[in-house]
Amino acid sequence: MISNKPAGFWIRFLADFIDGMLILLLATVIAFLIGDDTFWSSWSSTDETTSQSIANFLYGIIFIIIFTGSKFMGSPGKLTCKIKVVNVDGTQISMLKSIGRYLCYFISALPLGIGFMIAGWNEEKKALHDMICKTRVVYRNE
């Protein structure tokens with residue numbers, strides 16, 4: 001049976017926070033491996049370092065796009081929070097839709113992340129990128 005209970009703003013926020021921590025961990029490993037000295041001194045700077053750029057790119061492709069479009073149905077943060085991304089009918093989304101949904105994150109981020117916050121204001125708990133791509137984030141059945 002497919003869960004129809006939508007995942008609200010705060011659980012999705014927690015999943016994104018976990019993903020952010022994993023990206024930071026990945027960036028730290030990359031910085032160590034490539035000797036990115038600017039990474040270690042950039043904590044007080046808003047400039048993105050080479051290690052951070054590589055980590056964001058790799059994590060976005062592998063753990064957000066591929067994981068979401070696969071049997072995992074979500075990023076590691078979503079898996080940890082026991083939520084998943086599905087089509088409106090509850091089926092697994094395609095890889096192409098996963099790519100489109102990821103690209104729509106940038107629309108949700110403008111202005112001031114309001115497109116993400118919309119998930120807390122509507123009954124179906126859909127963010128702007130979910131509305132555009134006709135997806136839902138729901139709780140997993142265990």
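**Exercise 1. Find which residues make up the largest nonpolar core, and which elements give two or more residues to this core.**

Solution. 
Step 1. The largest nonpolar core has 11 residues in all: I23, A27, I30, A31, F39, A55, Y59, I64, I65, Y102 and Y105. A nonpolar core is a set of buried Ala, Val, Leu, Ile, Met, Phe, Trp, Tyr and Cys residues joined through side-chain atoms within 4.5 Å. Buried means under 20% relative accessible area, exposed over 50%, and partly exposed in between (1.4 Å probe, protein chains only).
Step 2. Two or more core residues come from each of α1 (9-34), α3 (50-68) and α5 (95-109). Helices (H or I, at least four residues) are DSSP runs, numbered from the N terminus.
Step 3. A second, separate core has 7 residues, including A7, A15, C81 and I83.

The model is predicted: local features need pLDDT of at least 70, side-chain atom pairs count only at pLDDT 80 or more, and totals for chains, interfaces and linings use all residues. Residues are numbered from 1 along each chain as its sequence is written, and side-chain values use heavy atoms, with hydrogens and water left out.

**Exercise 2. List what F39 is in contact with, leaving aside its neighbours within four places in sequence.**

Solution. 
Step 1. Contact means heavy atoms within 4.5 Å.
Step 2. With those neighbours set aside, F39 touches L24, A27, T28, A31, T49, S51 and Q52.
Step 3. Compare with the core: F39, A27 and A31 are among its members.

**Exercise 3. Trace the salt bridges of D130 with R12 and R101.**

Solution. 
Step 1. A salt bridge is a side-chain nitrogen of Lys or Arg within 4 Å of a carboxyl oxygen of Asp or Glu. The structure holds 3 of them.
Step 2. D130 and R12 meet at 2.5 Å, N to O. D130 lies in helix α7 (residues 128-133) and R12 in helix α1, so this pair ties together parts 118 residues apart in sequence. Both D130 and R12 are buried.
Step 3. D130 also meets R101, at 2.9 Å, N to O. R101 lies in helix α5 and D130 in helix α7, so this pair links parts 29 residues apart in sequence.
Step 4. D130 counts as buried because its relative accessibility is 0%. R101 is buried too, at 2%.
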